[in-house]
Amino acid sequence: MLTNNNFPEAKLNILSDVPQGAVALQADTFQPAEDGIRLVASSCATCGGVFFPRRRFCGRCSGADLTDRLLSPQGKIRAFSLIDRKSGAAIVEAPYVQACVALPEGLNIYTVLAGAGADRPFIGMATEVCLAEVSRDPEDRPIVAYVFRPSSSEETQ
Amino acid sequence: MSRVFVQGVGLHPFGRWSEKSTIDMCQIAIDAALKDAGTSFPRMQAAYLGAEFSGFFDGRMIVQSMGWTGIPISHMQQACASGSAALREAYHAIAAGRFDTVLVVGYEKMGSGLITGGDPESDHEYHLHRMGLDLTPARIAMSMQRRLEEDPDFAEAMVVEAVQSYEYGLLNPFGHRQKRVTAEDVRNSPVICSPLTRLMCCPNSDGASAVILCSEAVSRRLGAERAIEICAEASGSPDVSELDGGPGPHIGGDFKSGNLTRRIAREAYEKASLGPQDVDVVQCHSPFAGGGILCAEALGFCPEGEGSRFWIDGKARAEGPTPINSDGGLISRGHPLGATGVAEIYELVRQLRGEAGAHQVPGNPQVALQHNTGLGCLNMHILKR
């Protein structure tokens with residue numbers, strides 16, 4: 001049973017590079033970068049709105065002139081919750097921590113928080129996006145997805 | 001626009017009814033509403049139903065199980081607000097003069113476990129679903145957690161709201177959870193999605209609810225003395241300024257800011273030419289403790305930031321100035337998604353008639369407000385005796 005003092009470690013294999021043959025859990029959510037990955041958002045040429053995940057139409061003005069924009073890799077925890085139950089379609093096993101991470105662009109990203117462990121998450125905690133292997137496909141290729149983990153970087157806004 | 005009246009209300013008790021079909025439950029609620037209105041099914045000119053997890057046949061078979069009368073049938077799916085969405089459309093159909101008498105039904109048979117939204121096989125939101133980010137209570141829990149950081153009274157007020165729900169639930173024979181629960185029980189029950197414990201969360205329930213809406217002419221014929229007027233309807237969904245983040249639909253944002261409730265409430269009060277000070281009894285959508293606290297502020301029953309003290313000081317109690325969820329609300333009554341919005345109308349109509357029995361609020365209430373949200377969509381109705 002979870003308590004407010006018992007923070008679980010999401011059982012995810014954090015990766016430093018995109019492995020050969022890896023399959024993205026959801027295409028177009030992230031791109032490889034020299035120092036890890038970057039989330040891919042949509043930026044509206046008409047009104048300047050920025051949205052994650054990518055969109056076909058702008059959420060603010062409904063314009064269709066959207067281009068990809070790579071997001072800052074670091075952000076701060078705005079809220080988090082310890083989840084005691086696995087949702088029906090999830091491959092992430094409970095218990096785990098879900099967090100809302102605020103990026104400098106003004107976007108909030110809902111994410112699994114990996115590697116929090118004994119470092120109890122807190123509002124304002126510096127985090128960074130990283131890649132995790134979350135499962136294997138039927139051909140035994142790694143399925144990878146973005147998660148966030150605590151960061152010690154001073155670059156966090 | 002023509003005036004619209006609730007003439008009859010009916011409910012099938014909320015709980016776990018695995019031995020019953022949705023049709024079994026709905027027939028009981030519909031029959032009760034028809035008898036309460038003093039009318040019969042062949043007089044219904046249209047039917048509006050609301051459910052989220054409805055099967056291919058359900059809505060049509062429910063209506064046709066009452067008789068093959070050839071009426072138009074509309075079915076609304078709006079998550080937890082499906083029932084009030086059906087009510088909203090029925091209201092407008094009568095207000096516009098299209099019909100004189102319509103049936104509204106909300107129903108649901110729930111599965112087990114935490115409520116999630118969507119289906120990866122159809123929406124292809126694989127990250128959302130596979131990473132477990134589609135849990136409705138988790139998003140709301142995070143909204144509550146932010147408030148906890150800012151409001152030193154919020155933790156106590158969440159417990160007060162939950163305990164009050166169980167206290168009033170004991171008086172409600174149609175509710176799901178009928179048990180005595182203390183503040184210690186609430187605090188010590190297992191964490192589901194922190195900071196929400198199990199006893200702060202509504203249970204998965206099965207149930208059905210029905211109301212009969214009428215025009216003024218039909219209401220007079222059936223008996224105006226028991227009719228309750230719907231004097232305002234307002235509804236909407238979040239605009240871009242109210243969004244909270246992605247991926248996923250707008251979940252939980254209004255439990256953070258209350259801004260959508262605030263916007264829709266302004267419209268409802270204006271349409272009714274009433275204000276929050278005029279409201280005598282309230283049903284607000286609070287599936288998780290804390291929802292009622294945010295609603296007390298957003299609906300204008302107390303100043304911003306004072307929702308916690310409002311609950312702690314007993315102002316949402318039956319004997320308080322603005323009784324909220326006098327039948328226990330979602331936490332103890334249960335939450336069969338589509339049935340909830342119509343069950344709120346059931347409770348408010350009985351309160352305004354003075355027929356609520358053991359949980360009747362004192363003071364001869366005259367005005368009631370209903371608030372029902374579903375994945376960000378919000379329907380609100382103001383009722384007047």
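Q: Before we dig in, how are the axes and angles defined here?
A: Axes are lines fitted to C-alpha atoms, for helices over the stretch in contact, and angles run from 0 to 180 degrees between N-to-C directions. Helices (H or I, at least four residues) and strands (E, at least two) are DSSP runs, numbered from the N terminus. This is a predicted model, where local features need pLDDT of at least 70 and side-chain atom pairs count only at pLDDT 80 or more, while totals for chains, interfaces and linings use all residues. Residues are numbered from 1 along each chain as its sequence is written, and side-chain values use heavy atoms, with hydrogens and water left out.

Q: OK, how do helix 3 and helix 15 of chain B cross?
A: The axes of helix 3 (residues 82-95) and helix 15 (residues 337-353) of chain B come within 4 Å and cross at roughly 60°. That makes helix 3 of chain B oblique to helix 15 of chain B (under 35 degrees is roughly parallel, over 145 roughly antiparallel, 65 to 115 roughly perpendicular, the rest oblique).

Q: Which residues meet there?
A: B:S82, B:G83, B:S84 and B:L87 in helix 3 of chain B meet B:G338, B:G341, B:V342 and B:I345 in helix 15 of chain B, contact being heavy atoms within 4.5 Å.

Q: Switching to the interface, how many residues of chain A and chain B are in contact?
A: 39 of chain A with 34 of chain B.

Q: How many salt bridges between them?
A: The rule finds 0 across the interface of chain A and chain B (a Lys or Arg side-chain nitrogen within 4 Å of an Asp or Glu carboxyl oxygen).

Q: Which strand of chain A gives the most to that side?
A: Strand 7 of chain A, with 6 residues.

Methods:
Chains lettered and ligands numbered in written order.
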